[in-house]
Amino acid sequence: MPTKADFEISWPSSGILSFITRPSGEADGFLYRYNINTGSFTKLIGGELGLEANWSIDAKKILYSVFDASADKPHLYMYTVSDGETVDLQTEPFARKC
């Protein structure tokens, strides 16, 4: 976990809080889940440049983009929370900011 970070906090489902670092093309981003009922704090996605994420309505999947420095453009993925599987959607999302 980063020693000093600026997190955005969301509540994707009952009993679950989500913590994500602010996106940066120059610093690794991390997404964590905190389960209020069990007290578990889990890293779901980490070490990705320009990380941005959106939870599905049922909080079972996460659509996320990262900055691919070698291609100099963002890339889109789907993460399944239950098994940790990541699927490359092989498409470029729109950047939220330049």
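Tutor: Let's start with a definition: a salt bridge is a side-chain nitrogen of Lys or Arg within 4 Å of a carboxyl oxygen of Asp or Glu. Keep in mind that this is a predicted model. A search of the whole structure turns up 3 salt bridges.

Student: What makes D6 and R22 a salt bridge?

Tutor: Their closest N and O atoms are 2.7 Å apart, and the cut-off is 4 Å, so the pair qualifies. D6 sits in the segment before β1 (7-13), while R22 is in the loop between β2 (16-21) and β3, so this pair links distant parts of the chain, 16 residues apart.

Student: And why is the pair R22 and E8 called a salt bridge?

Tutor: Same test: the closest N and O atoms of R22 and E8 are 3.1 Å apart, and the limit is 4 Å. R22 lies in the loop between β2 and β3 and E8 in strand β1, so parts 14 residues apart in sequence get tied together.

Student: How do you know that E92 and K73 belong on the list?

Tutor: Their closest N and O atoms come to 3.0 Å, which is within 4 Å by definition. This one also links distant parts of the chain: E92 is in the segment after β8 (85-88) and K73 is in strand β7, 19 residues apart. As for networks, salt bridges that share partners join D6, E8 and R22 into one.

Student: Why are the residues D6 and R22 called partly exposed?

Tutor: The class runs between 20% and 50% relative accessible area. D6 has 46% relative accessibility, so it counts as partly exposed. R22 is partly exposed because its relative accessible area is 45%. E8, at 28%, goes in that class too, as do E92 at 46% and K73 at 34%.

Student: What makes H75 buried or exposed?

Tutor: Buried means under 20%, and H75 has 19% relative accessibility, so H75 counts as buried. H75 lies in strand β7 (residues 73-80). Leaving aside neighbours within four places in sequence, H75 is in contact with Y64, S65, V66, D88, Q90, T91 and P93.

Student: What makes the link between the side chains of H75 and D88 a polar contact?

Tutor: The distance is 2.7 Å, and N or O atoms have to be within 3.5 Å. As for calling it a salt bridge, that label needs a nitrogen of Lys or Arg, so the H75 and D88 pair stays a polar contact.

Student: How do you know that Y34 is partly exposed?

Tutor: Y34 has 28% relative accessibility, so it counts as partly exposed; that value lies between the 20% and 50% limits. Y34 is in strand β3 (residues 28-35). Not counting residues up to four places away in sequence, Y34 touches G15, I16, L17, F19, G39, S40 and F41. Y34 and W11 are 23 residues apart in sequence and 9.7 Å apart in space, C-alpha to C-alpha.

Student: What makes L63, V87 and L89 a nonpolar patch?

Tutor: Patch members need over 30% relative accessible area, and nonpolar side chains are joined within 5 Å. L63, V87 and L89 have about 200 Å² of accessible area together.

Note on methods
Residues are numbered from 1 along each chain as its sequence is written. This is a predicted model: local features need pLDDT of at least 70, side-chain atom pairs count only at pLDDT 80 or more; totals for chains, interfaces and linings use all residues. Side-chain values use heavy atoms; hydrogens and water are left out. Helices (H or I, at least four residues) and strands (E, at least two) are DSSP runs, numbered from the N terminus. Buried means under 20% relative accessible area, exposed over 50%, partly exposed in between (1.4 Å probe, protein chains only). A polar contact is a pair of N or O atoms within 3.5 Å; within protein, one must be able to donate a hydrogen and the other to accept it, and residues adjacent in sequence count only if both atoms are side-chain atoms. Contact means heavy atoms within 4.5 Å. Patches are made of residues with over 30% relative accessible area and no salt bridge: like charges are joined within 9 Å, nonpolar side chains (Val, Leu, Ile, Met, Phe, Trp, Tyr) within 5 Å. Accessible areas come from the Shrake-Rupley method with a 1.4 Å probe; for residues, only the protein chains shown count as cover.
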